[in-house]
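Please open the structure in a viewer and keep the selection tool at hand.

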Amino acid sequence: MPFIEIRDISKSYDGAPVLNHLSLSVEEHQVVSIIGPSGSGKSTLLRCINGLEPIDAGEILIHGDRITGPGVDVNALRRDIGIVFQGYNLFPHMSVLENITLAPLKVLKQPREAAEGRAMALLTRFGLANKARDYPDRLSGGQQQRVAIVRALAMNPMLLLLDEITSALDPELVSEVLNIVRDLAKEGMAMLLATHEMGFAREVSTKVCFLCDGAVYEEGSPEQIFGDPTQERTRAFLRSIRDAKRI
Amino acid sequence: MGTPQASSGDAPEQPRRLNIGGMPSAPTDLLLAAIGVVALVEAVSFTTIAVLRAALLQAGFASWLAWAALAILALASVAILLPLVQAFLGWRDVRRAVAQGDVVAARVTRAAARDHGWITIGYAAAQFVIVLACQFLLANDQAVAKTFFFLPLMAETFPLMLKAFWINVEIFVVTEILVLIWGLAVALAMLAPGAAGKPLRILAAAYVDVFRAMPAVLVIYLVGFGIPLTGVPILKDFSLTAFVIVALTLTVGAYVAEIYRAGIQGVHWSQTAAARSLGLSYMQTLRYVIVPQGVRQIIPPLLNAFIALQKDTALVSVVGVLDSFNQSMLIATNHYNLSAVTTVAVLFILISIPQSRLVAHMVQRDRARLRGSA
């Protein structure tokens, strides 16, 4: 049984289809990169998996359990599935430590000491310990995004969804964020990442999916997708990326 | 300035040159205008000082203190001659620079001269308005000043007024606390989610529409006189002050609910997405993430609503609460003089100004905090 099974899901906004009979499966400890042109549904797919967006048709299963549709406890689901956004979305009125410990304290009801201890351990590991008392506004984009990853990790998720997490960063800050993702991949954290960092996707993924018009157009190993794509649209997309010197 | 190279149409065009004017001229018109305005203002000022002197003499205030005060006023009124002199000196400098053919010096001195000319006119205009106001106070043998600012009566009734004003303070402080809670509750009801929240949303919207539309004085009248008449148990035994507090809370609560709602809706949806994605429930998201940010945005409009409320406490006199306005009207009737009402006005001004400053200071400190570290 696959870890996550996405079966034939569809979603539209005001009649405009965003996901169109999309199916995809993810195995345990797998890192799946989702690439594709903007508007192809990458972000929406991730947001559907943790219930931030309801789907119109199809179903998503985790360990064979249906996590979409009525009656699903989305709060419980989201405890185990972390998401990191392109715009960091840190809470500006809370310090870094408060950002990270909010959910462990209020959702998991951890004692403060335990929550702060785990937060500090994660911050230390990613070189952010000295930022614990700072407010997000004081941090660089790269630091903010690393804090956002730590905030998601503090819930000890089974799956991490990364929604174009380096797209809002200045080029020189990208690597500090990607290094964390690389680390997590080595540890076996299951991740789904929507990304435009093709080189990184190729290096870190076990599977790459090319999304187009709301469906998985082509999927395969990174070597196959980047080295020998079978579909013309995949080739065209990768060519345009290459022309922009982003690979 | 350049000599034309060719007159025929198809000759090569001259290279374009930046043209920002040649040698400037001295700002004579502006200087003359400034002199005219100053002359007029000084004439009016000294007339007023003469009237004031006559009034002082008549009132028997012929001490050295009075003469010193008059002398200071006279000195203050000629202070605008300083920028005028500078404007004149500048004007002279421009003429000199022009005579020497120094374009740069001419421009610099002209800019300074024009600045001083306009400064003179600006201050003179302000002085003119102030002097006119003084003229009004002194008009008709100082009848205006005596009607509104009769100091002996103000001093004599001040303790009474202060005590009555305390009633206003009590009413608005209690109302403000209640409004903060009630307004938030109504705002959250207006934003209640889903099908289950619909009746609450409709109810809250109806409340806001009704109480925002009704004049506060009507609500105070209806609640203050009406509830005791109904004889409803418990309610009828409340004090008159309690009734007006309820009435004001209902009225101002409608405004404040709208302010809260705007603040809450003004928090970017991505904050909700982030909070919900961490597993926080709807209420937890509101409480820990959305409301704390929304409230920060609404502090200025909230202060506006509160200052409006503070002034509206003067309306409670319609149901007979002996607040400062009511008390001042009694004094005004007894003494046929409005100075006690002026005292009330001054008290309201005195409590309102520090609040704006204090809140501005708090907002600034909070912003600095969020840009720093805990």
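Begin by selecting B:Tyr336, which is found in the loop between helix H12 (324-335) and helix H13 (339-370) of chain B. Please bear in mind throughout that this is a predicted model. Is B:Tyr336 buried or exposed? With 7 other C-beta atoms within 10 Å, B:Tyr336 is exposed; the cut-off for this class is 12 or fewer. Its backbone also deserves attention, for B:Tyr336 has a positive phi of about 55° although it is not a glycine. Most residues other than glycine have a negative phi.

A:Asn89 is placed in the loop between S6 and H3 of chain A.

**Helix H3 of chain A**

Continue along chain A to helix H3 (96-106). Which residues of H3(A) are buried? They are A:Val96, A:Asn99, A:Ile100, A:Thr101, A:Leu102, A:Ala103 and A:Pro104. An α-helix has 3.6 residues a turn, so residues three or four places apart point the same way. Now display what covers the buried residues of H3(A): the cover includes helix H4 (112-125) and helix H5 (141-153) of chain A, together with helix H10 (282-297) of chain B.

**Where the chains touch**

The contact takes 23 residues from chain A and 21 residues from chain B. On the side of chain A that touches chain B, helix H2 (74-80) and helix H3 (96-106) of chain A each supply at least two residues. Colouring this side by residue type shows 10 nonpolar, 6 polar and 7 charged residues.

**Chain A as a whole**

Now display the whole of chain A as a cartoon. Chain A has 9 helices and 10 strands. Its C-alpha trace spans about 55 × 45 × 35 Å along the principal axes. How does its radius of gyration stand beside that of a compact globule, and why is 18 Å the value to look for? A compact globule of 247 residues would have a radius of gyration near 18 Å, and chain A agrees because its own value is 18 Å. Buried residues make up 47% of the 247 residues in chain A. Among the contacts in chain A with a separation of 6 or more, 65% are between residues 24 or more positions apart.

**The sheet of six strands**

Select the strands of chain A in the order S6-S7-S8-S3-S9-S10; these 6 strands form an open sheet with mixed pairing. Strand S6 (81-84) and strand S10 (215-220) of chain A are the edge strands, each pairing on one side only. From one strand to the next, the twist averages 20°. Within this sheet, look at strand S3 (residues 31-35) and strand S8 (residues 190-194) of chain A, which pair in the parallel sense over 4 bridges. Here A:Val31 stands opposite A:Met191 in S8(A).

Strand S1 (residues 4-13) of chain A runs antiparallel to S2(A), to which 7 bridges join it. Select A:Ser12 and its bridge partner in S2(A), A:Pro17.

For the last stop, return to chain B and display its assigned domains, domain 1 (28-145) and domain 2 (153-368). Their centres, taken over C-alpha atoms, are separated by 45 Å. Select B:Ile80, in the loop between helix H2 (64-77) and helix H3 (81-100) of chain B. B:Ile80 counts as buried because it has 24 C-beta neighbours inside 10 Å. Leaving aside neighbours within four places in sequence, B:Ile80 is in contact with B:Val38, B:Val41, B:Thr120, B:Tyr123, B:Ala124 and B:Gln127. Finally, draw a distance from B:Ile80 to B:Ala164: the two are 84 residues apart along the chain, and their C-alpha atoms are separated by 44 Å.

Note on methods
Residues numbered from 1 in each chain as written. Chains lettered and ligands numbered in written order. Predicted model: local features only at pLDDT ≥ 70, side-chain atom pairs only at ≥ 80, totals over all residues. Rg over C-alpha atoms; globule rule 2.2 N^0.38 Å. Buried ≥ 20, exposed ≤ 12 C-beta atoms within 10 Å, placed from the backbone. Contact = placed C-beta atoms within 7 Å. Domains from an automatic or database assignment. Nonpolar A, V, L, I, M, F, W, Y, C, P; charged D, E, K, R; others polar. Pairing = 2+ DSSP bridges. Axes fitted to C-alpha atoms, helices over the stretch in contact; angles between N-to-C directions.
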